[in-house]
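Hello,

Here is the structure I said I would pass on. My notes follow it.

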Amino acid sequence: MASLPLIGPVGAEAAVEAAPAKKVKVRRLPRSVRLAEPVLTRRERKVVPKLEQVYRGMYTALFPNLTPTTSAVIGVTSAVRGEGRTTTALGIALGLAKDLDVRVILIEADLDHPSLADKLGFYPGPGLAQVLVGKACLDEAVCPLPEIGLSIVPAGEAAVSTSRLLRSQALQEMIQRLRSPGTITIVDMPPALASPDVVPLSLLVDDVVLVVRSGVTPMKMIEESISLVGQERIRGMVLNAQRSKIPQWLRKFI
């Protein structure tokens, strides 16, 4: 098997879970604002710049040719759950939105196990599932964050078979509609070995980033995931949560 670009590590300092967002009561909530105001601890505020640097280096290494006129659809998957796939997809999307003058859209396509709404404190609203069954248009499902130039389409609640939705003509047409100059779409795909839907989804994207959790994901699972997605579509792998062998007392001087 040919070697693939390996991006990492995302160190222990960068793999800090943010405190749950606290919802802020407001008298009038603009439709374009669906995020609660996050409250960060002192430690988390120190970690944020490191995270930005990590994800900036990640997308720069994997996609060095992205420009303000680029049209690209990038998938992010992992072998199994719990490897940091959604966090990586969000980090890459945030980095692109901050650094490039492009429209960045993050689509949560893991309909069976959605997590973005809870992680980011979204208020209830339509999502990808509602768009695909015709109960909402794409503009209604998009949650824009104009301050950072990022738009997010959460999974929503699927009332029918998720496989049926992810293999539908409606999804193909939606992805095609997003293929316009100056728009980069990040698709948070289901884990390759946990859902058969990753195969048809991989055919809709240009490249796939495979997230691997250091010391957890067996090599056999990595190889099976690459085989399912297709090695020609794997842009590279992200090695997540690898701990540095340099002692903590020494790392602070580096």
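Cavities and overall make-up

The lining of the largest cavity consists of eight nonpolar residues, with no polar and no charged ones. Here Ala, Val, Leu, Ile, Met, Phe, Trp, Tyr, Cys and Pro count as nonpolar, Asp, Glu, Lys and Arg as charged, and the others, Gly among them, as polar. The residues in question are Ile 107, Ala 109, Leu 171, Ile 175, Val 187, Leu 201, Leu 204 and Val 205. A cavity is a set of points on a 1 Å grid over the protein atoms alone where a 1.4 Å probe fits but cannot get out, and lining residues have an atom within 4 Å of a point.

This is a predicted model, in which local features need pLDDT of at least 70 and side-chain atom pairs count only at pLDDT 80 or more, while totals for chains, interfaces and linings use all residues. Residues are numbered from 1 along each chain as its sequence is written, and side-chain values use heavy atoms, without hydrogens and water.

The whole structure holds two cavities of 30 Å³ or more. A volume is the space filled by probe spheres set on the points, which are joined across faces, edges and corners.

As for the chain, 46% of its 254 residues are buried (under 20% relative accessible area, 1.4 Å probe, protein chains only).

Regards

Notes:
Buried means under 20% relative accessible area, exposed over 50%, partly exposed in between (1.4 Å probe, protein chains only). On a 1 Å grid over the protein atoms alone, a cavity is a set of points where a 1.4 Å probe fits but cannot get out, and a pocket is an open set with protein on both sides within 12 Å along at least five of seven lines; lining residues have an atom within 4 Å of a point.
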